[in-house]
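Biologist: Hey, I've just been handed this one and I'm new to it. Can you walk me through it?
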Amino acid sequence: MLGADLRDPEVLAAYDAARKRLHDHLSAAFPEFAWRIETSERRAFMPRGALDPVDLLEVGVAEKLHRHWDYVLVVVPNELISRHGPSTLGVPSSALEAAVASSSRLGSGTRLAGRLAALALHLLGHLWGLDHAGSGPMRPVESPEDLALAPFPEAQREQARRQLEEVARTRLEDVRVRWGALSFYGRTFAKDPREILSAIWGYRPWRMPIYLGRLSAAAAVSVVYFLLTSDAWALGAHLSWRAVLGLAALSIVAAAVFIFSGQDLGRLGREHAWREQLARTRLVLLGTLGLGMLSLWLGLLLLSLAGAWVLPRALLEAWMGLAPTAEHLLRYAVFTATIGVLGAALGGNLEEEREIKAELFFDEET
Ligand SMILES: [Zn+2]
């Protein structure tokens, strides 16, 4: 799919040549499937200046859902805004089953066509869950000169074939038209729970407190505040274990749901009815956020425990009205970590929406 208002006939011809080459290559590499590469033009952006891949992915996903495509690749002549390096040629998002490619540094003419086709294949490989390899299309791309169409090594070809077979199986929405929300999500999960769990794991959600700095800072501030508040000590240390742990579980779920809805993460393609791939994406995102909040909670627990340990016992005794035991301290730490996570959920919505999306959606910057 073309994402920018590009009029240059030479570049457009090169794009078309790239599409044909990719089609031939895929047909030869995976003859067991019938390949169709449709094109569409959504001239949403000017063909000049750097574009944010997050915006392009959103445009692409809307088009993919609209046209019932399995995958979408958004191609632009612009450069892409890079978050982690000096520049990026493309961004695959296996969560969205979409990718973005920039032709800005790929040259022109037949060279452009060949490199773009190779870049598209590399990005597709990521969408199929393939890792980087020493040879073939999944060789890490260090410069545009590296890009050349190559066959997949047999192990990777087999892995991709299994993934494609899965996709080619009837999607759930084609089986039955009317679904209740819960049963649809339940079915989607039950169909391939391992795949969904491994997708969540692949996001390494425990890193979330690190890349969401503002969110974590808001949480840490509320923990420190609660450590120094006498009334909170009196309350926290006298709550029962059941209440403290129940609150903790509730706050983690609430924080994940709150960020999910506050960041509009669930909005992608909302106007469309039940889509299995959309449901899968949402399950993966919610799971990732949930584990991210859990890891934040654990981090806050450690911070709070350390803080409680440092505070003079005599002071705590006065605040709590009893001699603090280790169990009191632990229970209070659980309590403050819980409050901290709730604070984080509120702070999380101050976080740059695009940064959260980039972290959750991007597999890499190619
Ligand atoms: Zn890659």
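Predicted model: local features only at pLDDT ≥ 70, side-chain atom pairs only at ≥ 80, totals over all residues.

Biologist: Okay. Is leucine 56 buried or exposed?

Modeller: Leucine 56 has 27 C-beta neighbours inside 10 Å, so it counts as buried. The cut-off for buried is 20 or more.

Biologist: And what is leucine 56 in contact with, leaving aside its neighbours within four places in sequence?

Modeller: Gly3, Leu51, Val74, Val76 and Val100.

Biologist: Let's zoom out. Which domains does the domain assignment give?

Modeller: Domain 1 covers 2-168 and domain 2 covers 181-361. Going by C-alpha atoms, their centres are 36 Å apart. Domain 1 puts 12 residues into the contact, and domain 2 puts in 15.

Biologist: Which element gives the most to the side of domain 1 that touches domain 2?

Modeller: That's helix α2 (residues 53-67), with six residues. Leucine 56 sits in that helix too.

Biologist: What's that side of domain 1 like by class?

Modeller: Seven of its residues are nonpolar, one is polar and four are charged.

Biologist: How many helices and strands does the protein have?

Modeller: There are 15 helices and five strands. The C-alpha trace spans about 80 × 45 × 40 Å along its principal axes.

Biologist: And how much of the protein counts as buried?

Modeller: 37% of the 366 residues. As for contacts with a separation of 6 or more, 79% of them are between residues 24 or more positions apart.

Biologist: Take valine 341. What does it touch, not counting residues up to four places away in sequence?

Modeller: Valine 341 touches Ala219, Ser251, Ile252, Ala255, Met293, Leu296, Trp297 and Leu300.

Biologist: Switching to helix packing: at what angle do α10 and α13 pack?

Modeller: Helix α10 (residues 230-238) and helix α13 (residues 313-320) pack at about 75°, and their axes are 8 Å apart. The two helices are therefore roughly perpendicular to each other.

Biologist: Which residues meet there?

Modeller: From α10 you have Ser230, Trp233, Ala234 and Ala237, and they meet Leu316, Trp319 and Met320 in α13. By class, that contact has six nonpolar residues, one polar and no charged ones.

Biologist: Last topic, backbone angles. What is phi of histidine 68?

Modeller: It's near 60°, a positive value in a residue other than glycine. Histidine 68 lies in the loop between α2 and β3 (72-76).

Biologist: Is histidine 68 buried or exposed?

Modeller: Exposed, because histidine 68 has 11 C-beta neighbours inside 10 Å, and the cut-off for exposed is 12 or fewer.

Biologist: What about glutamate 97, where does it lie?

Modeller: In the loop between β4 (90-93) and β5 (98-102). Glutamate 97 has a positive phi of about 50°, although it is not a glycine.

Biologist: And is glutamate 97 buried or exposed?

Modeller: Glutamate 97 is buried, because 21 other C-beta atoms lie within 10 Å.

Conventions
Residues numbered from 1 in each chain as written. Domains from an automatic or database assignment. Contact = placed C-beta atoms within 7 Å. Helix = DSSP H or I, 4+ residues; strand = E, 2+ residues; numbered from the N terminus. Nonpolar A, V, L, I, M, F, W, Y, C, P; charged D, E, K, R; others polar. Axes fitted to C-alpha atoms, helices over the stretch in contact; angles between N-to-C directions. Parallel < 35°, antiparallel > 145°, perpendicular 65-115°, else oblique.
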